[in-house]
Amino acid sequence: MAHETEAPEKSTMWNPGRDAVHADHGAAEPEVLMEPMIWGLFSLGGFITAFLFPVTLFLLFFAAPLGLWPSDPGAFDALATRWADPLVRLFFLVLIGGSLFHGTHRLKFMLVDAGAKSPGVQGFFDVVLNGVAILGTLGALFYALSGWLI
Amino acid sequence: MGARLYPWKRPRGWWLRNPRYLGFQLRETGGVVSALYGLILLNMLRQLQVGESAYTAFLDLMRSPPVLFVNLVLFALVIYHAITWFILIGKAQPIRFTAKPIPWKTAFGVNLVLWLGVSGAVVYLIFGGF
């Protein structure tokens, strides 16, 4: 389909007066890239954790030993059979990655609230905790692909 | 002489002084516990990969009475974290499908219904039903 274009000054969106004016253009702070991304992953992980974790933990660790379920969804045979389904592999990848990014970010700010406020210490937490989240997610990706694509 | 900054410091044990602060700390702890469970599930996948005896040993440990008890406490924190998350969605970011924002109690109710639906889907699609 042809896409019609018109001169910007003819568009109803055109309004040169809306251009941002920077009084201290030279002293502008550098653009922040990582922080919103980490916060975004934290928020996404919150949704994943809240919606998917309770039922998964219940079925794997509590349903059968407490006699609350007719079968044992966490048993080896049951889970190994379900593991053949790519959707199940994707589910555990998303669950593990989401929970790690959510929980490690939360832990960092609990530690900051507890008094670890110096930039050096916060940088250390960023490296270690984001490292755990990234490596853990890569580990889950490895298991999700293992025996299927690799 | 320039002005000096005196940043406010939280007194030690601040979160025990008010039930709301305690609730906040419990929900934060629930978030951290979810990361702990993420690592436990990662280990579960590893044992599943190793084979039946390794996986069964892992599952037996997770279901042994002392670990099961600790698990139940941690699970309660995860549930608390989930429910407070559903509550705060409508409060922290009021949803505007209508002229006025939807009341948080309505958003909470919708989230609970969605939660039940998603949980049912997980039972059938991921764990193969009953």
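## Helix H4 of chain A against helix H1 of chain B

The axes of H4(A) and helix H1 (residues 19-50) of chain B come within 10 Å of each other, crossing at roughly 30°. H4(A) is therefore roughly parallel to H1(B). The crossing is left-handed. These values come from a predicted model.

Which residues make this contact? From H4(A) come A:Gly136, A:Gly139, A:Ala140 and A:Tyr143. From H1(B) come B:Gly38, B:Leu39, B:Leu42, B:Leu45, B:Arg46 and B:Gln49. By class, the contact has five nonpolar residues, four polar ones and one charged one.

H3(A) passes H1(B) in a left-handed crossing.

Look at the H3(A) side of the contact. Its residues are A:Phe92, A:Leu95, A:Ile96, A:Ser99, A:Leu100, A:His102, A:Gly103, A:Thr104, A:Arg106, A:Leu107 and A:Met110. H1(B) answers with a list that includes B:Glu28, B:Gly31, B:Val32, B:Tyr37 and B:Leu41. Also on that list are B:Gly38, B:Leu42 and B:Leu45, and these three residues take part in the contact with H4(A) too. By class, the contact of H3(A) with H1(B) has 13 nonpolar, seven polar and two charged residues.

## The interface as a whole

Now step back to the two chains. In total, 40 residues of chain B are in contact with 42 residues of chain A. On the chain B side, H1, helix H2 (52-63), H3 and H4 each supply at least two residues. H1(B) gives the most, with 15 residues. The chain B side divides into 27 nonpolar, nine polar and four charged residues.

## Helix H4 of chain B

How does the length of H4(B) compare with what its residue count predicts? This helix covers residues 104-126 of chain B. At 1.5 Å a residue, its 23 residues should span 33 Å. Its end C-alpha atoms are 31 Å apart, which agrees.

Three residues in H4(B) are buried: B:Ala107, B:Val122 and B:Ile126. What covers the buried residues of H4(B) comes from both chains. Chain A provides helix H1 (34-62), helix H2 (76-82) and helix H3 (86-113), among the covering elements. Chain B provides helix H3 (65-92). Just after H4(B), B:Gly128 takes a positive phi of about 75°.

## Chain A and one of its residues

Chain A has four helices and zero strands. From the N terminus on, its elements run α-α-α-α. The chain has 150 residues, and 31% of them are buried. Take the contacts in chain A between residues at least 6 apart in sequence. Of these, 68% join residues at least 24 apart.

A:Leu141 lies in helix H4 (residues 119-145) of chain A. Is A:Leu141 buried or partly exposed? A:Leu141 has 15 other C-beta atoms within 10 Å, so this residue is partly exposed. A buried residue would need 20 or more. The C-alpha atoms of A:Leu141 and A:Phe92 are separated by 9.0 Å. Along the chain, these two residues are 49 residues apart.

Terms used
Residues numbered from 1 in each chain as written. Chains lettered and ligands numbered in written order. Predicted model: local features only at pLDDT ≥ 70, side-chain atom pairs only at ≥ 80, totals over all residues. Buried ≥ 20, exposed ≤ 12 C-beta atoms within 10 Å, placed from the backbone. Expected span 1.5 Å × (residues − 1). Contact = placed C-beta atoms within 7 Å. Axes fitted to C-alpha atoms, helices over the stretch in contact; angles between N-to-C directions. Parallel < 35°, antiparallel > 145°, perpendicular 65-115°, else oblique. Left-handed = near helix turned anticlockwise from the far one by under 90°. Nonpolar A, V, L, I, M, F, W, Y, C, P; charged D, E, K, R; others polar.
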